[in-house]
Structures are given as structure tokens and as C-alpha cells.
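Here is a short tour for someone meeting this structure for the first time. Have a look at the sequence and the model, then read on.

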2 protein chains.
Amino acid sequence: MERLVEKADKAEKGIEALTAELAQVLKAAPTASNKEIEDLRAENEKLKQRLSKLETGGAAGEELSNESETKASADEDEVNPWDVQAASNKGIDYDKLIVKFGSSKIDEALLARFEKVTGHKPHHLLRRGIFFSHRDMNIILNDFEAGKKFFLYTGRGPSSEAMHLGHLIPFMFTKWLQDVFDVPLVIQLTDDEKFFFKDLKMEDCQRLALENTKDIIALGFDVNKTFIFPDLTFMGQCPQFYQNVVRIQKCVTYNQVKGIFGFDDSCPIGKIAFPAIQAAPSFSSSFPFIFGDNKTVPCLIPCAIDQDPYFRMTRDVAHRLGGLKPALLHCSFFPALQGAQTKMSASDANSSIFLTDTMKEIKNKINKYAFSGGQATVEEHKEKGGDTDVDISYQYLTFFLEDDARLAKIKQDYTSGELLSGFLKKELIDILQPMVAAHQKARVLVTDENVQQFFTPRKLNF
Amino acid sequence: MERLVEKADKAEKGIEALTAELAQVLKAAPTASNKEIEDLRAENEKLKQRLSKLETGGAAGEELSNESETKASADEDEVNPWDVQAASNKGIDYDKLIVKFGSSKIDEALLARFEKVTGHKPHHLLRRGIFFSHRDMNIILNDFEAGKKFFLYTGRGPSSEAMHLGHLIPFMFTKWLQDVFDVPLVIQLTDDEKFFFKDLKMEDCQRLALENTKDIIALGFDVNKTFIFPDLTFMGQCPQFYQNVVRIQKCVTYNQVKGIFGFDDSCPIGKIAFPAIQAAPSFSSSFPFIFGDNKTVPCLIPCAIDQDPYFRMTRDVAHRLGGLKPALLHCSFFPALQGAQTKMSASDANSSIFLTDTMKEIKNKINKYAFSGGQATVEEHKEKGGDTDVDISYQYLTFFLEDDARLAKIKQDYTSGELLSGFLKKELIDILQPMVAAHQKARVLVTDENVQQFFTPRKLNF
């Protein structure tokens, strides 16, 4: 009798367990394969789109080439040479980026060392963490202290007629570095890259390189210490430069550039091979007319952080060229007028203040578009205060207002609610208008002959 | 008690039913969705194939569409720039290759037209079908007849110190074409390609290019009509050449070069981008110092058939550069001493007669290695006769013995059994020894200064 009760209980429990298992199976199994089906359907859809694009006579899928493995998840910042998108309205999380890219933070110790070695107070872009990350800057400082000079390398992709304020930052900073260290500087204009990546004629890429060079020269670079070169011209002037490109192209596989830059199989071969061309100027052996036979002059590259993938690749192959790993100083992005979620872009006129803008345009753009960190009403603002973390006028002031004390006072008074957004806008306008006016005046004076001087491969004084 | 038994029975049945249902679900449910997944996978595969075919063919891919997959099956000849392997011991089936590559056979009509337009009897390499295939040679002849001149382009990948007899063929023929048509000639030495594809130092690739150039010059090319250029030097001397390389690299996708050349994702990016560098000399705009502003000087490329993939690609993109499709004359392979199944290779010393071989080496190699088409015994040979289709000495005579009547007589007497293999070997030795000796004598006279003359970008007389 007891055994029977036991048996029945056991059976009932068995039924319960099986029922539960069945429910689980019915629920889970189709869900699992639904996921796979969904993925396949999505892939199917994509393939059909590409196919229809190709069959209707489009180019071989260029638009699709940048989308692939590099896609960021919704809560992650997207940072690569062709796309910068922050997940939050506070902008990119740069500390996270340092971890992700494996670079080092520019900290107080490095700044102190900088000041000790150079005898110069660090530039406000360094002091304020706008240049926030580096690779091997300590080696550059140690070498410099020991009397070993380096060279500077920076560049620009000439994709638009007019440069905007954001484009200026690395060049202004590089000019300051050149003055402080008294070292030669090479500036690459990647007109070949723009030809590969944009729907532009080659002649237009070359013309844009020339126009942009005038803006760069107008910043006051010393022609005796500076060599500027558009790839489409220079590649045909210096066999050693091409030879270094070839050396790098032998060391880097398609799998690697696919991983680093997110290229896919429908990419033109020019895009795939291009990273070697941006890498080559990191080596002094690419410029025998400047460095003679010295293949191991250290190189320091100031650039925006989105260019770091090129130089991670470069550092990886340096030893195979008998060269040194280039050192880097990374700057954060210059935010769009509309807010720090994206960087200023030349392709969106309202997001940018161009070096060709009139004084009136500068004023209007700032007043109309510069995202405010203020409160909804004056009363609320006076009570709660403004937020400098998101206020674009304040952000721009950190780039262009050199006076630390004044900037601190503005921050304090804005945060306390004493100052309104309008005051910050006016302060910014008052700084930018004369700055841009001075630039425009200097640029008018740059002749085509000046440009050719900078373009000519020659000895530099250093 | 009975109720308990009933309860237990019911429970046991419940368990059975549920177990069965569960088994059913576990078996059936995934099968149902597996079916859908399989269908989707199959559709995706089909779409991918269509896509790759389209991308391989390019937008205007009439040339490439003939040959989407170059991989040979077991009974098919393998012919690509890096591998030539015949399925039969009669060598490559060249008629099949014409169909596969989509080129045209050089027939009697074309030869007659050649003789009429030039006033010259076609070269014996043409008459004997060693140059057997062409693209657009009729256009070249029509243009020439109408007074429009073209230029010749051929090349060499400098991967070995010493060139062998097989390397001579396209150059000997090209020299004859230059004499007949009186046109300028450009010769590319792809030292960059050899650097990418071989385990060689860059300096060695450059040195080999220089050594090979001496052999080429020794053939008697006119310095006033001939420009020779190693890529690693010339790329750094002529921006317009690089610019054409870049234009081509924008038109050709990774999918395309993968389809044409069989590259895979582990290839260095230099290999992947290289085909554009071999394509660029097909356009007169790559040589402004020779052709001035004339971007549409027709180009005729004499080359071995394994180089055709490069020029199919070139012809596909020509219109996007504002250039003309290059015309081609394809020659068959110079067989190895061991037989026609593979071509003579510099990396196997015993398969090749080098231009540096001594008279004794030439004699010994032919006597020892040249594959015989004769029978096993003298008696059997006299009875059955020799086979000129496989006899290497006879094959070589078709390349080097100019006298048609004598060659026909040899063939007749060998086939009838009257002549033994030994006679053919002796005949060949008697031709090759003085030919190679004369070459060696001429080569000694070529100085480094001569080489530099040919290497200098300059105007040519034509």
C-alpha cells in the first residue's frame, strides 16, 4: 500500500517534470532557430540589396564598404577614420577609448616631465586634456633630453574646399610643438585616399589638396623646417617613399586591414592598400632629402584619435622596415555646433564654422546652432546653473581661450547660474571673429609659389 | 486501493504519452525550422554566387565574364601568372585556352593582313603558331594602315639572376615588331611584384632587375626608341604613372582580383593591389615624357598567355581612364627540357638552358635532359618513326631554327624514322651554342651607364 502511494507520487512528479520540460522545449527551441532564421533573412535582404544595386549598374558596392565588423553596439562609441559617433550626449568616453586602443593617458606626471625637458609650460590643449592620450611620448622626451631630435608628422585628407575650426586644432598644436622643439615637420595630404573614398575626380582631389595647403601655410609654418606633400605628386618624386610603401604593403595582409579598418571584399584594391601610404611618412627613410641615410630618426605624430588605427598598424610593422615605432599624441574631437555626440563635419555646413565664413556667419551660426547647456528659463537657469559638460560654446572656449583664469571664472559663473548661455556665445564670437579674420588675411597672402616651395622635396634646416 | 492502482496506471500512461510527445517535439520541431534554415542558407549561397560573379565581372565585364573561376579541374590545364601546368604531355591545349580566355586565334587571314599592311613576311614565331592568340590585333593593323602609330609594351618579373631561353622569346619577338613597325617600346621590370611574391630582399629585386636589363639590352633594342623601367625606381619618378595606378586601383575591387588571380584573405595588401601596376603601362598617359598629352596612343602587348589575366582586367577598366583597351599578342610557353607539361622555369636549373650557361653545359643539358620523341630502340625508331609533338629538341627548333624548309625536312625525316633523336639534339646544340655565345658577347659590352640611359625617362624618337 505504501509502495503504491510512493509509486503514484513519483509518477505525478514525473508528469510535472515532463510537462515543464515540454513547455520549455516548445518555448525555447523555436526561439533559438527563429534567431538563426532572422539572421539569415537579414543577410538575405542585404545580399539582395547589393545585388540589385549591382544589377542596376551601380559601382561595385562602395557605399557598403565601411559597414561591417567595426559596427559599435548601441552603448559603445564608434571611432574609426571614417566615422565618429558618441553613444552619449556628453560625447566620446575617452577613458574607455584609451583602454580599447591600448594607448596611455596624458597625465600630470607626463606634463611635468614635458615642462622640465622643454622649459615650456604645456600648451593649453595639453593642460586641458584635449590632447588626452599618447604612445611613447616619454621616449621622445627622454631622447630629446639626451640631445636626440625627432621629426613631426601630421596630415590631412583634402575632401572639402574649406577647412573648418576642427581641422585647425592638430595643425595649431603641431605648429606649437615645432616651435618648442625646433624640429622638422612633414605634412601629408592624402589626395589619393580621398580619390579612393569619395566620389571625386582626381583633379578635384589635387585642387582641394592645394587649397587646404594654403590654409595650413597661413598658420605660419616655417618653410625652412616644413615639407608638405600631396601623395599624388610626391609618390612620383621620391622612389624611397614608394619603396617604403611597398615594404609596408608586404608586411600587412588583407585579413589585418579588414580587422583594423572594416574593409570588405567589395572594396576597391586602392582602399585596401592605402593604409600603407599613410604609414610610410612615419619613417625617416621615406624622406632621404631631409634625413639623408638616417633611417632611425624618431617620429612624433600629433593627430585626432580616429587616426590611431593607421599608426597601430604602422607600429606593428616598424621593426620589419628597420625603422622606429612612431610616437603619438592623440587629441579628442572638435564637437559639432549641435553637440558633442558627433565631431564637426565639413559635409554638414550648419554643424561647422569654416575658415571661409564671414564674421556675420560666425555670429549667426553660434547664436543659432551652438548647443546650450543652460536651463529652459532664465529663472530656472539662475537657480540651477548651466552645464559646461554639454554647452558647446564653453567647449569651444576650452579650445580657443588661452587664459586659464578667465576660463575658470566663466565656468564657475556659468555653473552657478550667474552667467547665461548668451554670455558664453558672445565670448566665443569675440574670440573666433578676430581669429578667423586674421586667418583669412594671412591666407590671402599665400601664393601658388609659396605652396610650390612647401611642396618641393628639399633639405630642411634643423 | 483500487483508486490508487488506477491513479498509478493513469500516471504511468501520462508519463508515456508525455515522453512520446517530447520525443516528437524534439525530433519534429527542429526539423521544421531546419528546413527553413536550409532553404535560406541555400538562397543565400545562390545570391552570394550571383553577387561574386557580378562583382568579379565588374559593371562592364564582358572580358571577364568568360572566365569567372580560373581554378582548373583535374583534366584541365592550369594557366595563371604564377602557375602553368598542362594536363597532358602534349602540353597546354591552346585552342581550349583561347575559348576559356575569350581571345582570338591568330589565323591565316590575320597573317595575310599583317603581311599586306607591314610589307613584311610574318615572323616565324607567328607563322608557326607560337604566337597563337590575340586581342584586337586587327584594330592595330587598321590604325597602322591609316597612319596611326601605336606603342609596344612588354615586361619581365626579375626573379632570377640569369634569364633562360624561354624568357628571350617575347623580347626577341618584340624587337622584331619594333623593327617592322618602327614604334616606341616600354619595358616594365616588376621588381615590386617580385618583392611581394618572393622571399627576396628589396635590394636583391632591384639588382636582379638591373642584371636582367643587361640581357634585354644585349638583344639590340634601340635606346632612342626604348624606355626600360623598374617599378621601384620609376614609380618615384613619374607622378602620372602613379596617378594611373591609383585610377585603376579605384576601379578594381578585391572580389575582382580574387576571381581573376585567386588571391585569398591572407595575402599581403601589396599583392592584392599589384595588378594595377602591371596594368598602368598599357596607357600612353602613364608616360607623358614620351607621349605628351596624347592619352589615346594605342598599345600592343606581346606576352606569354599566362599574363593575359592582367590585361583582361586592364581592358575592362580602360574606358574609365579615358584610355584605349590594349591589344595583345599571346605566345605559348617555352617548354622545359623534360617535356611540354610545364614551362621552362628558372628555379629548376636542370629544366632550363640559361643565357649564362657554358657551351659545354648547353651540350650536356640537351643531351642529358631534352625529352625525346624517339622510340625505345633504333630498330623500333626506324620502323615507327619519332614523335615531333613531344620531342623537346624539335620543339626548341621551331622556336630558333628560322629556315622553314629545313625545319620541314627535319620533321619529315624524324617522323619517318630516318633521323634519330640524337640528330635533332645535335642540330639544336649547333644553333643554340653560337646564339648564346653571341648573346654573352653582346651582354659583356652592356655597361651600367647603358642601363641608366635606358632607365632615364626621356623623349623617344618615333
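Predicted model: local features only at pLDDT ≥ 70, side-chain atom pairs only at ≥ 80, totals over all residues.

Residues are numbered from 1 along each chain as its sequence is written, chains are lettered from A and ligands numbered from 1 in the order in which they are written, and side-chain values use heavy atoms, with hydrogens and water left out.

**The largest cavity**

Those classes come in handy for the lining of the largest cavity, which has 13 nonpolar, 4 polar and no charged residues. A cavity here is a set of points, on a 1 Å grid over the protein atoms alone, where a 1.4 Å probe fits but cannot get out, and lining residues have an atom within 4 Å of a point. Grid points are joined across faces, edges and corners, and a volume is the space filled by probe spheres set on the points. By this rule there are 4 cavities of 30 Å³ or more, and the largest holds about 110 Å³. Its lining comes to 17 residues, with A:Tyr242, A:Gln249, A:Ile277, B:Tyr242 and B:Gln249 nearest the centre. The elements that give two or more residues to this lining are α10 (239–251) and α12 (269–273) of chain A, plus α11 (239–251) and α13 (269–273) of chain B.

**Chain A at a glance**

Chain A has 21 helices and 11 strands; helices (H or I, at least four residues) and strands (E, at least two) are DSSP runs, numbered from the N terminus. Of its 462 residues, 54% are buried, where buried means under 20% relative accessible area, exposed over 50%, and partly exposed in between (1.4 Å probe, protein chains only). Strand β4 (residues 131–135) of chain A is mostly covered, with 5 of its 5 residues buried.

**Strands side by side**

Two strands pair if DSSP finds at least two bridges between them. Here are some of the pairs:

| Strands | Sense | Bridges | One bridge pair |
|---|---|---|---|
| β3(A) and β4(A) | antiparallel | 2 bridges | A:Ser104 and A:His134 |
| β4(A) and β9(A) | antiparallel | 4 bridges | A:Arg135 and A:Leu328 |
| β8(B) and β9(B) | parallel | 5 bridges | B:Ala304 and B:Cys331 |

In chain B, 7 strands form an open sheet in the order β3-β4-β9-β8-β5-β6-β7, with mixed pairing. Its edges are β3 (104–105) and β7 (226–230) of chain B, each with a single partner strand, so one side of each has no neighbour in the sheet.

**Two buried residues**

B:Asp192 sits in helix α8 (residues 191–197) of chain B. Is B:Asp192 buried or exposed? B:Asp192 counts as buried because its relative accessibility is 0%. Leaving aside neighbours within four places in sequence, B:Asp192 is in contact (heavy atoms within 4.5 Å) with A:Tyr242, A:Val246, B:Asp231, B:Leu232, B:Phe274 and B:Ile277. B:Asp192 and B:Thr233 are 41 residues apart in sequence and 9.5 Å apart in space, C-alpha to C-alpha.

A:Gln433 belongs to helix α20 (residues 421–444) of chain A. With 18% relative accessibility, A:Gln433 counts as buried. Setting aside neighbours within four places in sequence, A:Gln433 is in contact with A:Met359, A:Ile362 and A:Lys363.

Notes. 1 Å grid on protein atoms, 1.4 Å probe; cavity = no way out; pocket = protein on both sides within 12 Å on 5 of 7 lines; lining within 4 Å. Nonpolar A, V, L, I, M, F, W, Y, C, P; charged D, E, K, R; others polar.
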